Amino acid sequence: MLELVKTSLDDDQADNVVVIELASKSTMADYMVVASGRSSRQVASMADKLREKIKQTGRGEVPVEGMTRGDWVLVDAGDVIVHLFRPEVRAFYNLEKMWGGPTIDESIDDPSSENVLA
């Protein structure tokens, strides 16, 4: 599922994709993926496309929260939790810091723009 999520976000040109390994920190999921879109419309579109791709794997209905505003959308892909943000909303909540990932500035400074953290 993680590879599907990463591929979908890459296809939709998500910015600053960060993958945080959660298996050793929480039982809610194995991974958390945090990414940014340049606008509310892009964030909502990325979430909708991701939801459809996950449904096509046979998983059934995919819980999604926050589609109406598109500032912060959460997609529950089972063992992968995906948070999609507009950049300023992501900087405000800074989930990466809360879960032991890089700060926003560290992920932006990484030339690969993708981080996987344990």
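K55 comes out as partly exposed, because its relative accessibility of 31% falls between the 20% and 50% limits. This is a predicted model, so keep that in mind when reading the side-chain details below. The side chain of K55 meets that of E52 in a salt bridge, with 3.8 Å from N to O. Both residues sit in helix α2, 3 residues apart, which is about one turn of the helix.

What about the other end of the pair? E52 has a relative accessible area of 35%, so E52 is partly exposed too.

## Salt bridges that span the sequence

Side chains of opposite charge can pair when their charged atoms come close. Searching the whole structure turns up 11 salt bridges. One of them joins D11 and K53, whose closest N and O atoms are 3.6 Å apart. K53 is partly exposed, because its relative accessibility is 27%.

Then there's R38 with D15, a salt bridge whose closest N and O atoms are 3.1 Å apart. R38 is in the loop between β2 (31-36) and α2, while D15 is in strand β1 (residues 15-21), so this pair ties together parts that are 23 residues apart in sequence. D15 has a relative accessible area of 25%, so D15 counts as partly exposed.

## A charged network

Which residues are linked in a network of salt bridges? R69, D71, R86 and E88 are.

## How α1 and α2 pack

α1 and α2 pack at an angle of about 145°, and their axes are 10 Å apart. Is the crossing left-handed or right-handed? For α1 and α2, the crossing is right-handed.

On the α1 side, the contact residues are L4, V5, S8, L9 and D11, and they meet M46, K49, L50, K53, I54 and T57 of α2. Sorted by class, this contact has 6 nonpolar, 2 polar and 3 charged residues. D11 and K53 are both on the contact list, and these two residues form the salt bridge with N and O atoms 3.6 Å apart.

Notes: Residues numbered from 1 in each chain as written. Predicted model: local features only at pLDDT ≥ 70, side-chain atom pairs only at ≥ 80, totals over all residues. Heavy atoms only, no water. Salt bridge = Lys/Arg side-chain N within 4 Å of Asp/Glu carboxyl O. Buried < 20%, exposed > 50% of the residue type's maximum accessible area, 1.4 Å probe, protein only. Helix = DSSP H or I, 4+ residues; strand = E, 2+ residues; numbered from the N terminus. Axes fitted to C-alpha atoms, helices over the stretch in contact; angles between N-to-C directions. Left-handed = near helix turned anticlockwise from the far one by under 90°. Contact = heavy atoms within 4.5 Å. Nonpolar A, V, L, I, M, F, W, Y, C, P; charged D, E, K, R; others polar.
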